[in-house]
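Student: I would like to learn how to read metal sites and helix packing. Please take me through them step by step.

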Amino acid sequence: MQTTVVQQPIARVEADALIVHHFSGAHRAGGATGDVDRALGGLITELAERGDLATDVGGVTPLFTRAGVAAPRVLVVGLGDPQRVDAEAVRRASGEAVRKARDLGARRVAIGALGSGIGGLTPSEAARATVEGARLGLYRYRATPAEALGDGDRGIDELLLVAPENDRVEAVGDGVRWGEATADGVELARDLVNLPPNVATPTHLAEVAEQLARDHGFAVTIGDRAWAEARGMGAFLAVAQGAGHEPRFIVLEHDPSRGKEAPLVLVGKGVTFDSGGVSIKGRAGMEAMKSDMAGGAAVLGAMRTLGRLRSPRRVIALVPATENMLDAHAYRPADVLTASNGLTIEVISTDAEGRLLLADALAYAQQLKPKAVVDLATLTGACVVALGRGTAAGRFANDDALAARVDAAAAATHERVWPLPLWPEYLDDLESDVADMKNSSGKPHGGAPVAAAFLQRFVDYPWVHLDIAGMAMRDDARGYHTKGATGFGVRLLVHWVTHA
Ligand code: BES
Ligand code: MN
Ligand code: ZN
């Protein structure tokens, strides 16, 4: 799908469908909506006055036009209360409207760009939100891995962003470029999570990282078992011990500073399938555990966007990738492991594997002398119990300034996070008789903060841990969200890095 900015009277734009916005309440149709309203002899105003328009955010009213406008149909999409409109409302409205246009068979769709001042958004921000919403709302899972980095068929060939005649096209074009780059990253993350676990293996993730390196000039290191052994990554390797697919430790670096800047490090849990290992999970719903690499996918997606945007920041992505399977070589409860920082870990549950691979990744990050580290992991079912599914990620932080920046990124992107505590008391339940720590308390309470307290022992820098267990997948399409993988975290990470 191609997105083009055009500057011409919207009523004359030739497209299969024309999308214009409308606020709720007694708001008069202005801008592009006003133009279309006049061209249709006041039809939109009349419908609004009668209360026949869906004006809540994302509500779509299709109008079939016989004359007045060049397009055969007009979709009026609600933006809700004009006092409360923000980038999120624009993304949601855009996603719903463009998907509706596709369902009606449109292949060439024009959408009115929002004039300056709406919701306090600049024309560039409004254009970005519009394009992000449209691209993400149209997302379709592309089943072959070769397609995953390509421009697959989304059912719409061309999106025309119709800018007001008096607006600066460059600003709108800039917003489009950001929106496209962002959508590219989120789509990659969604594709990787949606791919079946026999395809999205650690080697596949590594190949995607290598392709990103070629596309954007990143430095890439792919660590195999021997590489991890040489670095003493006994916790990561223990999880990989029973795996059929070979593990990969992915290091991807974008460094415009040529080594001068302390890096921002993104760490993503890359468990390509979590069976639980010897502490095997129940059979019901185990298929959902293909999404246990959603943190790693988000990190790779964010790198794609940052590469496309040519971000000036130095960023390093770490994705420890392995399956958590069980065979005669698999690690077992009671095993004692030594992580790369020398800490020993008594295994209580082989299903508490995420913290083991993250332990070695977070210790590796230490050697990179990071300015700050953010990790994303589908770490605990307990976090889903605490905060709900699709609501918010658990946010743990050892640094208030960094936490504030991550929270600001979460608010701006509506990739919500909610603070949970990092208190040393949570470590009490991990006291071991035979090692420095147990990997699980074996108790049914405080699962999310206990896991975070475990991770903190591998960290000595400003750090935020996001438990995204409830955020990786969803059951329905809504706004710019589609069913299946969400790509959660890509937009948050990009916002954080570009505002760091
Ligand atoms: N990958 C799971 C967590 C998970 C659960 C993600 C549900 C998405 C949805 C993780 O590896 C796990 O199994 N955690 C255990 C930890 C326990 C053994 C301490 C859990 O949450 O039960
Ligand atoms: Mn597990
Ligand atoms: Zn897991």
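This is a predicted model: local features need pLDDT of at least 70, side-chain atom pairs count only at pLDDT 80 or more; totals for chains, interfaces and linings use all residues.

Tutor: Residues are numbered from 1 along each chain as its sequence is written, chains are lettered from A and ligands numbered from 1 in the order in which they are written, and side-chain values use heavy atoms, with hydrogens and water left out.

Student: What are the protein donors of the manganese ion (ligand 2)?

Tutor: Donors are N, O and S atoms within 2.8 Å of the metal (3.2 Å for Na, K and Ca); water is not among the atoms, so sites may look incomplete. Here they are Asp-274 (OD), Asp-351 (O), Asp-351 (OD) and Glu-353 (OE), at 2.1 to 2.2 Å from the manganese ion (ligand 2). Their sequence spacing is D-x76-D-x1-E.

Student: And what coordinates the zinc ion (ligand 3)?

Tutor: Lys-269 (NZ), Asp-274 (OD), Asp-292 (OD) and Glu-353 (OE) do, at 2.0 to 2.4 Å. The spacing of these residues is K-x4-D-x17-D-x60-E.

Student: How do I read the geometry of a site?

Tutor: Ideal angles at a metal are 90 or 180 degrees for six octahedral donors. Six donors count as octahedral if opposite donors are over 155 degrees apart and all others between 65 and 115; anything else is irregular, apart from the classes for four donors. The zinc ion (ligand 3) has six donor atoms with angles of 78 to 175 degrees, and its site is octahedral. Around the manganese ion (ligand 2), the six donor atoms subtend angles of 71 to 170 degrees, which makes the arrangement irregular.

Student: How do I describe two packed helices?

Tutor: Give the angle between their axes and the distance between the axes. Axes are lines fitted to C-alpha atoms, for helices over the stretch in contact, and angles run from 0 to 180 degrees between N-to-C directions. Take α9 (residues 294-308) and α14 (residues 490-498): the angle is about 50 degrees, and the axes are 8 Å apart. That makes α9 oblique to α14. Angles under 35 degrees count as roughly parallel, over 145 as roughly antiparallel, 65 to 115 as roughly perpendicular and the rest as oblique.

Student: At what angle do α5 and α14 pack?

Tutor: Helix α5 (residues 169-194) packs on α14 at about 135 degrees, with the axes 9 Å apart. So α5 is oblique to α14.

Student: And α10 with α13, at what angle?

Tutor: About 30 degrees, with the axes of α10 and α13 (residues 447-456) 9 Å apart. So α10 is roughly parallel to α13.

Student: Which residues meet there?

Tutor: Arg-355, Leu-356, Leu-358, Ala-359 and Leu-362 in α10 meet Ala-451, Phe-454 and Leu-455 in α13. Contact means heavy atoms within 4.5 Å.

Key. Helices (H or I, at least four residues) and strands (E, at least two) are DSSP runs, numbered from the N terminus. Four donors count as tetrahedral if all angles lie between 85 and 135 degrees; four count as square planar and six as octahedral if opposite donors are over 155 degrees apart and all others between 65 and 115; anything else is irregular.
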